[in-house]
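Open the model in your viewer and keep the sequence panel beside it. This tour goes from one selection to the next.

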Amino acid sequence: MKRSSILIPVILAALALGFSACQKDTTGTPGSSSLGIKLTALNKSYSLPVNSGGMKSASAYSTSITWDTARMVVSRLKFEAELKNTITHHDSVEVKYEWNGPQEINLFDTTVVIGTYALQPGYYDAVELNVEGFKKDAAGQPVFYLSGIYTSNSIVTPIMVKVYDNIQFKTEKDSVNVAADYNSDFTSTILLYLDQLLLDIPPSALDNATLTNGVIIISADSNVGIYKIIMRNLGKDRHCRHHHCHRHGS
């Protein structure tokens, strides 16, 4: 395999179990494409406990969490892939691109696009996207923040997750095809499944959590054991699936 290095503005990836892309044909040079990135949180409400594979375990408790706020400061997106020769499919060039913010994202707002980038047609292999949030960019506020209510046996308690530390996670995809014979506008959505952040945290840990002014605050300084598990879950590598639609250019 013959490789060289180039920089082109392209990002393709997804977080957790989802990678989605849809088109909206407008105008453009034949064969050109553009890509916008979104970051969206799913599963606002769920029962506990959450175990590996997303399966819920039988429990003597009736427990659940409902989040009403989810925010993240996105400092940097780093894309790496191999762009294969569209004719031979053997030769490739190493593609790297870096987007720098920061930009605070409301994870429940599905309309927010981090950026739009021109796409070079071709076959992208070994696609990897790194998402980073830096505390220096958060201006003293959490890099990642959740708030909502925790319900256990009909007792309702406010709950917050405050992450002031740096955050980094990545996702990988074996191959993505960007066709050259269409004008395509893609929106790639990074999906964050909120139930997976509490993977393997038993309801008893939240029932026995320390309260601050009546609130369960999970941070590096409060309920540290739970915080470490959430940080471990947040930093896990993620799988992705890719779907894209095309419409012929006008």
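The stops below follow charged pairs between strands, then a proline. Keep in mind that this is a predicted model.

**Stop 1: the overall count**

How many salt bridges does a search of the whole structure find? The search finds six. The next stops visit some of them, including the one between Arg-71 and Glu-104.

**Stop 2: Arg-71 and Glu-104**

Select Arg-71 and Glu-104 and show their side chains. They meet in a salt bridge, with an N to O distance of 3.7 Å. Now colour the strands. Arg-71 belongs to strand β5, residues 63–84, and Glu-104 to strand β6, residues 92–106, so this pair ties together parts 33 residues apart in sequence. Stay on Arg-71 for a moment. Is Arg-71 buried or partly exposed? Its relative accessibility is 29%, so Arg-71 counts as partly exposed.

**Stop 3: Glu-98 and Arg-76**

Next, select Glu-98 and Arg-76. A salt bridge joins them, and their closest N and O atoms are 4.0 Å apart. Glu-98 sits in strand β6 and Arg-76 in strand β5, so the pair ties together parts that are 22 residues apart in sequence. Glu-98 is partly exposed at 38% relative accessibility. Arg-76 is partly exposed too, with a relative accessible area of 22%.

**Stop 4: Arg-76 and Glu-132**

The link joins distant parts of the chain: Arg-76 is in strand β5, while Glu-132 is in strand β8, residues 122–133, 56 residues apart. Is Glu-132 buried or exposed? Glu-132 has a relative accessible area of 5%, and the cut-off for buried is under 20%, so Glu-132 is buried.

Now show three residues together: Arg-76, Glu-98 and Glu-132. They are linked in a network of salt bridges.

**Stop 5: Pro-102**

Finish by selecting Pro-102, in strand β6. At 46% relative accessibility, Pro-102 is partly exposed. Which residues does Pro-102 contact, leaving aside its neighbours within four places in sequence? They are Val-73, Val-74, Ser-75 and Asp-137. Draw a line between the C-alpha atoms of Pro-102 and Val-74. The separation is 5.5 Å, although the two residues are 28 residues apart along the chain.

Definitions and conventions
Residues are numbered from 1 along each chain as its sequence is written. This is a predicted model: local features need pLDDT of at least 70, side-chain atom pairs count only at pLDDT 80 or more; totals for chains, interfaces and linings use all residues. Side-chain values use heavy atoms; hydrogens and water are left out. Helices (H or I, at least four residues) and strands (E, at least two) are DSSP runs, numbered from the N terminus. Buried means under 20% relative accessible area, exposed over 50%, partly exposed in between (1.4 Å probe, protein chains only). Contact means heavy atoms within 4.5 Å.
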